[in-house]
Amino acid sequence: MTNKLNVLIVEDDEKDSAALEAEIKANPDKLSLAGTSKCSEKAYEFILNHNPHAVILDLELQDGFGDGLVLLDKLRNTVLPRRPYVIVNTKNPSKTTLDAVKLKGADYTFYKWQSGYSPKTVINHLLLVMPAILGHVEEPPEPPTKADLQTSMREFLQVEFNKLGVSVKNVGYDYLIEAVILAADNVNQGWGKIIGEKVGKSEGSVSHAMQYAINSTWDNADINDLITYYTAPLRKNRYVPSTTEFVFFYRQKLKNKFN
């Protein structure tokens, strides 16, 4: 049973970051420091890879790299197994900006210019909402059913696809996830037909959408992400994997994770 809140600090002011870290470490039975970052892009990668329960986010990052508002927007548009609870710290008094912070999914906002603000008040707020946050991530007491296992597989694949840069806007994104799960269940062909019957599409339409999602990823994703996260060798003179190659690569990842 999870009984500690893992917290990521995204803050470019070293004094503020150290004070927040000290307050977290002052509550070792309830809180743990997942990590710290001055860079919104690195923080996003950390969230994808480590899925902390909560993020304390400095909005401006003037002495760091990136932008807190951009990070909020990326998190809002990313499929995650569990969305972190996000506390925004800001010096910005603009109502328009603060409205945007809410619209982009921040759970709570502290104003550094407000009387009574301190890192301790931020951590005290986390302690107050901690039971509600952890209440959504408790492990079920019963062994997982096949449906539970498939849900966990989908969540794992969503994280892996996000790392690679597969766009959730492509309809083939969901089809590829279903194809990998079918392959993990030893259904090694006919994915387009099986998925098409479920969603009311033709086999050709589903197969085309899956390959299009792969092609689009290789056309638009960061080459370093492709090299890092897709490690299967490609056939000679082939830059983009076929649907079969792609599905079998992630089938093996599933088997490594869940077997």
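**Close-up 1. Lining of the second largest pocket in the predicted model.** Helix α2 supplies the largest share of the lining of the second largest pocket, 4 residues, where helices (H or I, at least four residues) and strands (E, at least two) are DSSP runs numbered from the N terminus. The model is a predicted one, in which local features need pLDDT of at least 70 and side-chain atom pairs count only at pLDDT 80 or more, while totals for chains, interfaces and linings use all residues. Residues are numbered from 1 along each chain as its sequence is written, and side-chain values use heavy atoms, with hydrogens and water left out.

The second largest pocket holds about 460 Å³ of space; a pocket is an open set of points on a 1 Å grid over the protein atoms alone where a 1.4 Å probe fits, with protein on both sides within 12 Å along at least five of seven lines, and lining residues have an atom within 4 Å of a point. Its volume is the space filled by probe spheres set on the points, which are joined across faces, edges and corners. Of the 19 lining residues, Tyr44, Asn162, Gly165, Val166 and Ser167 are the closest to the pocket centre, and the elements that give two or more residues to the lining are α2 (40-50) and α6 (146-164). The lining divides into 6 nonpolar, 6 polar and 7 charged residues, with Asp, Glu, Lys and Arg counted as charged, Ala, Val, Leu, Ile, Met, Phe, Trp, Tyr, Cys and Pro as nonpolar, and the others, Gly among them, as polar.

**Close-up 2. The open parallel sheet.** The 5 strands of an open sheet follow the order β2-β1-β3-β4-β5 with parallel pairing, two strands being paired if DSSP finds at least two bridges between them. Because β2 and β5 (108-111) stand at the edges with a single partner strand each, one side of each is left without a neighbour in the sheet.

**Close-up 3. Strands β1 and β2 with helix α1.** Strand β1 (residues 5-10) pairs in the parallel sense with β2 (residues 31-37) over 6 bridges, and leucine 8 stands opposite glycine 35 in β2. Together with helix α1 (residues 14-25), β1 and β2 make a right-handed β-α-β unit, meaning that, with the strands pointing away from the viewer, the path from the first strand over the helix to the second runs clockwise.

Close-up 4. Parallel pairing joins β3 (residues 54-58) to β4 (residues 85-90) over 5 bridges, and 4 bridges join β4 to β5.
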